[in-house]
Amino acid sequence: MSELLNFNYPPEQVVERVTLFADVILPLPLPKLYTYRIPFEMNDDVLVGARVIVQFGSKKVLSCIVAEIHENAPADYQAKYILDYLDDKPIVTTPQLKLFKWIADYYMCTLGEVINAALPSALKLSSESRIQLHPHFNPEEDEIDLALQEEKIIFALQNNQALTFTEVGNLLQGKSYHKFIKSLIQKEAIIIFEQVSDKFAPKVVKKVRLSEHFVQDEGMLEELFNQLTPQPKQLDVLLNYLQKVPVHQDVHLNYKGIEKSELTNVPHLSASSINTLIKKGVLEQFDQIVSRFPADYSQKLLPVALSEHQEQAKDEILGLFKEKDTVLLHGVTGSGKTEVYIDLIKHALEGGGQVLYLLPEIALTAQIVTRLMKVFGEKLGVYHSKFSDNERAEVWQGILSGRFQVVVGVRSSIFLPFHDLSLVIIDEEHEASYKQYDPAPRYNARETALMMAHLQGAKTLLGSATPSIETYYNCKTGRWGLVTMSKRFGEAQLPEIELVNTREEQHRKNMHSHFSGKLLTAIEARLQRHEQVILFQNRRGYAPFISCDECSWIPKCNFCAVSLSYHKYNNELRCHYCGYHERMPHDCPACGATTLKSMGFGTEKVEDELKLLLPNADIQRMDLDTTKKKNSYQQIISEFESGKTNVLVGTQMVTKGLDFENVSLVGILNADTIINFPDFRAHERAYQLFVQVSGRAGRRGKTGSVIIQTRDPLQPIFSKVSSNDYQSLYEHEIEERMRFNYPPFVRMIRATVKHADEKVSENAAIVLAKDLADRLGKQQVLGPEVPYIFKIRNLFLNEVHIKLPRESTNLRAAKAQIAQAIFNLKLLPDFKGIRVVADVDPV
């Protein structure tokens with residue numbers, strides 16, 4: 001680094017150089033930005049929003065984002081130099097940096113945690129300790145006593161330029177390798193270094209083309225045919241190439257060539273024949289960088305024709321956008337909201353802006369992307385967690401370059417580098433899936449998207465058939481605009497809803513496992529008419545738990561305070577909180593009895609039993625277990641759309657905005673577990689869930705039916721669902737929340753205290769609650785209390801709830817007080833190692 005400082009200029013060339021410093025966002029949970037000095041020769045190259053490489057601490061080499069460039073040296077420490085820069089242009093835009101700072105401030109986390117969540121892994125740099133031979137060490141000449149394990153390491157390094165610590169461990173087959181590395185360092189045989197590598201790699205395909213002289217001279221091509229006549233396999237490869245690339249019609253076609261794999265798609269052609277032609281100089285091989293999202297120019301883009309009702313809704317929205325930045329489209333299920341969205345996206349693109357279309361579930365993107373691709377073609381980008389790191393990085397770069405003007409994605413899409421956003425659409429805005437629970441930042445994508453739109457001067461359209469109470473309140477008080485679509489598209493009518501009392505069905509012996517006779521009969525009738533059925537059960541796995549009939553033993557998770565769920569397909573018991581799993585026992589570990597029974601039921605059991613009850617039905621299941629692979633959502637939905645599957649069993653994934661034209665029956669198997677939940681939003685969520693899943697039936701003119709199985713059909717929520725009476729639900733809920741001080745009248749923050757010792761966690765929560773009550777007032781602080789699930793991943797939990805009146809609270813000051821109380825708690829000697837997680841606006 002000293003070489004950077006010792007420049008010797010002749011007197012006439014001496015120029016004054018400004019000493020610049022950069023505040024950078026390190027990918028670490030640090031409360032402050034860290035300042036580095038910019039080497040003089042990088043003054044013009046280091047940019048705000050670009051990545052640089054720095055050394056942090058004594059060993060760590062990290063990539064980070066430049067947040068600010070200035071001339072002020074840090075007062076408390078000597079600024080280190082930036083080692084290198086990675087980007088010629090910023091990969092994080094100015095509006096993004098503003099948004100990231102807002103997220104860190106509002107959701108009480110650090111900028112490093114935001115950057116970690118925001119950047120695709122492929123755009124981060126990895127630093128891993130590696131070893132290599134010492135430059136002055138010669139294994140053949142230097143006489144050094146080496147242990148057998150050390151000789152293995154040296155021999156491996158002679159054949160490899162470097163080894164990671166993990167590779168050394170594998171080489172020594174699990175023996176303690178650190179002492180051997182340390183010994184070799186002391187003997188000056190090896191050195192340790194940090195290798196930083198950019199993870200993003202463009203997609204490269206191997207292509208071949210005919211050598212240029214054969215294309216330019218037809219005589220040489222004829223002579224080539226004669227030469228290859230004794231080699232029929234090579235001749236077939238050449239003919240196959242000329243058939244696919246007709247150079248005799250246009251010699252320029254040869255320049256693009258053809259993918260090497262395409263030449264072997266005929267069974268009798270082999271890769272060895274292609275390689276032989278390459279060696280002879282007949283074909284030449286080259287690499288070409290291609291997009292992971294190739295545009296399909298063969299697909300004709302389709303116009304969108306709106307009905308009179310949809311056109312009216314669109315005009316109302318555009319009218320309200322002149323006065324308000326945010327509008328709610330409250331349309332019943334099947335009213336055609338998506339077509340209105342598409343027309344508004346076209347309107348935004350005509351103005352030259354970018355559009356973000358947010359969805360709560362990856363399952364929804366699979367269906368909606370197909371519809372949008374037919375309208376927007378190559379302008380459309382897709383972003384969600386099932387994509388590979390490189391695919392996500394390519395979408396990121398595609399937005400920066402202007403290739404993708406419309407992006408469809410789930411909650412992580414709010415981090416993308418939009419710089420000219422004009423419209424944000426948040427579909428199914430009521431969904432709790434928009435909330436990130438763990439790790440930090442614990443943001444809500446709906447609220448963050450609203451702020452992102454505000455920072456970029458964009459308009460926001462929220463859409464739902466069952467809006468959240470908070471959203472509808474904002475519309476009713478005039479803060480946001482409201483447009484209503486009360487009729488289904490075309491001739492379709494809302495489905496008829498029927499309640500089945502499973503308690504009475506059991507008395508009449510009319511229950512077949514978990515299916516009432518009425519539901520089974522209805523399913524059979526739909527299948528005979530070649531119609532489709534969706535069955536909803538809000539629990540995955542085969543059974544929530546198993547129990548011994550003799551001693552009532554129930555297997556529990558070793559790390560969480562929950563029972564283990566039984567998954568029959570893998571024959572294992574699994575914790576749905578930490579992922580711990582074990583084999584299903586043959587007998588009871590407590591008493592030795594073999595009478596282990598599954599209790600309750602999940603989607604796996606529903607699928608299993610339905611196949612026995614309806615052997616001729618084609619049944620598919622859609623839940624977290626069946627959608628782990630990248631394209632599993634698309635495959636399940638495609639098979640259901642095409643009619644290959646006629647019964648779809650699923651969790652909440654099947655309730656959210658999916659559009660199937662042949663579904664005429666929806667069954668809700670166990671409604672009571674959704675209603676009877678200890679949460680002030682329980683009735684709101686139950687209504688939303690029932691109405692949303694019911695809305696999948698009867699969307700194309702067929703009469704739709706919904707059968708809800710419950711042990712308590714007199715619950716008031718069912719009458720509201722049956723009459724689709726959202727207004728009545730809203731009035732009841734808003735009155736309750738005003739009375740008991742819940743959102744939207746207050747802001748809530750939940751502080752969760754975590755520790756491996758139950759008593760320490762409890763005492764720390766008591767101290768924290770007292771400090772918060774002193775700072776904010778006793779009426780604002782509730783608790784501490786032990787949550788329903790009081791232990792997760794070996795940590796005992798205690799919660800303190802803070803309610804801050806929306807109108808009379810300085811939110812920034814209140815959060816500062818909360819942060820200070822948490823900081824002071826961690827300083828107390830009795831609570832070293834305590835963890836406190838602040839969750840703003842928990843849902």
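Predicted model: local features only at pLDDT ≥ 70, side-chain atom pairs only at ≥ 80, totals over all residues.

The points that follow treat aromatic pairs, charges over rings and salt bridges in turn.

1. Aromatic pairs in general. The structure contains 18 aromatic pairs. One of them joins Phe680 and Tyr742, whose rings are stacked, with 4.4 Å between the centres and 20 degrees between the planes. Phe680 belongs to the loop between helix H21 (672–675) and helix H22 (682–694), while Tyr742 belongs to the loop between helix H24 (726–740) and strand S32 (746–755); the pair therefore ties together parts that are 62 residues apart in sequence.

2. Accessibility of that pair. For both residues the cut-off matters, because buried means under 20% relative accessible area.

3. A second stacked pair. Phe790 and Phe796 also form a stacked aromatic pair, at 6.5 Å centre to centre and with 15 degrees between the planes. Phe790 is partly exposed, having a relative accessible area of 33%, whereas Phe796 is buried at 15%.

4. A ring cluster. Which residues are joined into a cluster by ring pairs? The members are Tyr34, Tyr36, Phe56 and Tyr77.

5. Charges over rings. Tyr742, already noted for its stacked pair with Phe680, also has the charged end of Lys803 over its ring, 3.7 Å from the ring centre. A further case involves Lys815, which lies over the face of Tyr106 at 3.6 Å from the ring centre.

6. Salt bridges in general. How many salt bridges does the structure hold? The count is 35. Among them is the bridge between the side chains of Glu150 and Lys187, with an N to O distance of 2.9 Å. This pair links distant parts of the chain, 37 residues apart: Glu150 is in helix H3 (residues 148–159), and Lys187 is in the loop between helix H5 (178–186) and strand S8 (190–198). Glu150 is buried, at a relative accessible area of 3%, while Lys187 is partly exposed at 29%.

7. The bridge at Arg574. Arg574 and Asp625 form a salt bridge in which the closest N and O atoms are 3.1 Å apart. Arg574 lies in strand S25 (residues 572–574) and Asp625 in the loop between strand S28 (619–622) and helix H20 (632–641), so this bridge ties together parts that are 51 residues apart in sequence. Arg574 is buried, with a relative accessible area of 11%.

8. A bridge within one helix. The side chains of Arg775 and Asp771 meet in a salt bridge, at 2.9 Å from N to O. Both residues lie in helix H25 (residues 758–776), and because they are 4 residues apart there, about one helical turn separates them. Arg775 is partly exposed at a relative accessible area of 29%, and Asp771 is partly exposed at 22%.

9. A salt-bridge network. Which residues are linked in a network of salt bridges? The network consists of Glu470, Arg681, Glu684, Glu733 and Arg737.

Definitions and conventions. Residues numbered from 1 in each chain as written. Heavy atoms only, no water. Phe/Tyr/Trp six-rings, centres within 6.5 Å; stacked < 30°, edge-to-face > 60°. Helix = DSSP H or I, 4+ residues; strand = E, 2+ residues; numbered from the N terminus. Buried < 20%, exposed > 50% of the residue type's maximum accessible area, 1.4 Å probe, protein only. Lys NZ or Arg CZ within 6 Å of the ring centre and 35° of its normal. Salt bridge = Lys/Arg side-chain N within 4 Å of Asp/Glu carboxyl O.
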